[in-house]
Amino acid sequence: MMKKLIVFAALFVAVLSKEAFRGHQVFRIVPKDDVQLSLVKLLEDIMELELDFWRWVTPVDVRVPSHSLQVVKSYLESHRIKYFTVIKDVQALLDEERKQMKSVVPAGNTDSFDYTNYHTLSEIYSFQDMLVAENPNLVSKTVIGRSYEGRPLNVLKFSTGGNNRPAIWIDTGIHAREWVTQASGVMFAKKIVTDYRRDPALTAILNRMDIFLEIVVNPDGYHFTHTNDRMWRKNRKKIRGSRCVGVDLNRNWNTGFGGPGSSNNPCSNIYHGAMANSEPEVESIVNFVRSHGNIKAFISIHSYSQMLLYPYGYTRTPAKDQAELNRVARKAVNDLASLYGTRYRYGSIITTIYRSSGGSIDWTYNQGIKYSYTFELRDTGNFGFILPANQIVPTANETWLALKAIMDHTFKNPY
């Protein structure tokens, strides 16, 4: 009897510890001008409302807890700011997502791995090890560091031989809740080993260049989205002197650090950290990029909004290679659209989405990595970060075409 009580108590605690979103709604707010946008931004500073801004590009998407619904509605209506409800009950979507994940059957190899579903961190780690074991002449795994909580930061290297060859870097999952990115990263890894020697463009690239892929940049945060809070974005750093936890890993890089588009408030989702490169998840990539010294393209993959972005985010000064970066982006989004007709916007971060300081691709571009890009994958807000699992495969397939366009251009335009 005592044993049963202990098990029940453990389950009860687990249920209580998991963040519940019953009755939470996602509003799409449509400010008509900068004055209204400023009024919307004032809401972000009212911590008691516990608002979670999903997208700051106009229109603005924000998750509103049930206890704040009436206050936010009244505020918007009193200022005549248009809004409508995109998601009526966040928890209903999460319940469906969780139900789908329960159907996952453990895979014995990467051919039987379920690419149509979302996976836990341990399942992704297992996938990586299986892929390496199955393809020892093409794939290897390097641990470039440890996360704040001590988890391995795994990077897959795809190489046909040679030392310190020109390389392409791809990362997914820097923001924990953007699950379609980690799922796409898994598919990219499988596509590389499957398409090598079958796809002439990829084969030519891998015969001369290496590809590095970090599928889970933020393992602590990703694990936390499965165990506690599906909407968690940051890492899990404990902040001295604050009750709040976590640093936004895409505000922690040493270019424009601490500037507009980031926050010095540890409770903010865009908290930049105490100093540039303070987070081990960022510092590990910085050290890897510097020590390698021959990375020619750096591609960081986020969701959502359907955009392909290039530097800069922290300044309105155009990148010196903007014309070429724009041409490549146009080709990439056209290739992406050729599969299912999915439309992407493209341009510099600051002109296309918002000002953002301390971001990864601004830093890599200033390090001399010309082809530095960020993707924002599906969708445009109907589901946001809770993209249904049945969209994983089409999202990854279309994005792969855009990635190949960037990789092919990098290969054919050495510098």
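The coordinates come from a predicted model.

**Helix 3**

Helix 3 spans residues 69–78, and Leu69, Val72, Tyr75 and Leu76 are buried in it. Viewed down the axis of helix 3, these buried residues fall within an arc of 140 degrees, so they line one face of the helix. An α-helix has 3.6 residues a turn, so residues three or four places apart point the same way. Gln70 and Ser78 are exposed, on the other side of helix 3. Arg80 follows helix 3 and has a positive phi, near 55 degrees.

**Helix 10**

Helix 10 runs over residues 322–340, 19 residues in all. From first C-alpha to last, helix 10 reaches 28 Å, close to the 27 Å expected at 1.5 Å a residue. Its buried residues are Glu324, Leu325, Asn326, Val328, Ala329, Ala332, Val333, Leu336 and Ala337. They pack against strand 10 (307–310), strand 11 (345–348) and strand 12 (371–377). Helix 12 (360–366) and helix 13 (392–412) are also among their packing partners. Just after helix 10 comes Gly341, with a positive phi of about 85 degrees.

| Helix | Residue after it | Phi |
|---|---|---|
| Helix 3 | Arg80 | near 55 degrees |
| Helix 10 | Gly341 | about 85 degrees |

**Glu97**

Is Glu97 buried or exposed? Its relative accessibility is 10%, and buried means under 20%, so Glu97 counts as buried. Glu97 sits in helix 4 (residues 90–101). Beyond its neighbours within four places in sequence, Glu97 is in contact with Tyr118, Trp179, Arg230 and Ile386.

**The cavity**

How many cavities of 30 Å³ or more are there? The count is one. The largest cavity holds about 60 Å³ of space. Its lining consists of Phe113, Asp114, Tyr115, Asn117, Tyr118, His119, Ile124, Gln182, Ala183, Val186 and Tyr222. Seven of the lining residues are nonpolar, three are polar and one is charged. Helix 6 (residues 179–195) gives the most to this lining, with three residues. Tyr118 belongs to the lining of the largest cavity, and Tyr118 is also in contact with Glu97.

Methods. Residues numbered from 1 in each chain as written. Predicted model: local features only at pLDDT ≥ 70, side-chain atom pairs only at ≥ 80, totals over all residues. Heavy atoms only, no water. Buried < 20%, exposed > 50% of the residue type's maximum accessible area, 1.4 Å probe, protein only. Helix = DSSP H or I, 4+ residues; strand = E, 2+ residues; numbered from the N terminus. Arc of directions from axis to C-beta. 1 Å grid on protein atoms, 1.4 Å probe; cavity = no way out; pocket = protein on both sides within 12 Å on 5 of 7 lines; lining within 4 Å. Points joined across faces, edges and corners; volume = space filled by probe spheres on them. Nonpolar A, V, L, I, M, F, W, Y, C, P; charged D, E, K, R; others polar. Expected span 1.5 Å × (residues − 1). Contact = heavy atoms within 4.5 Å.
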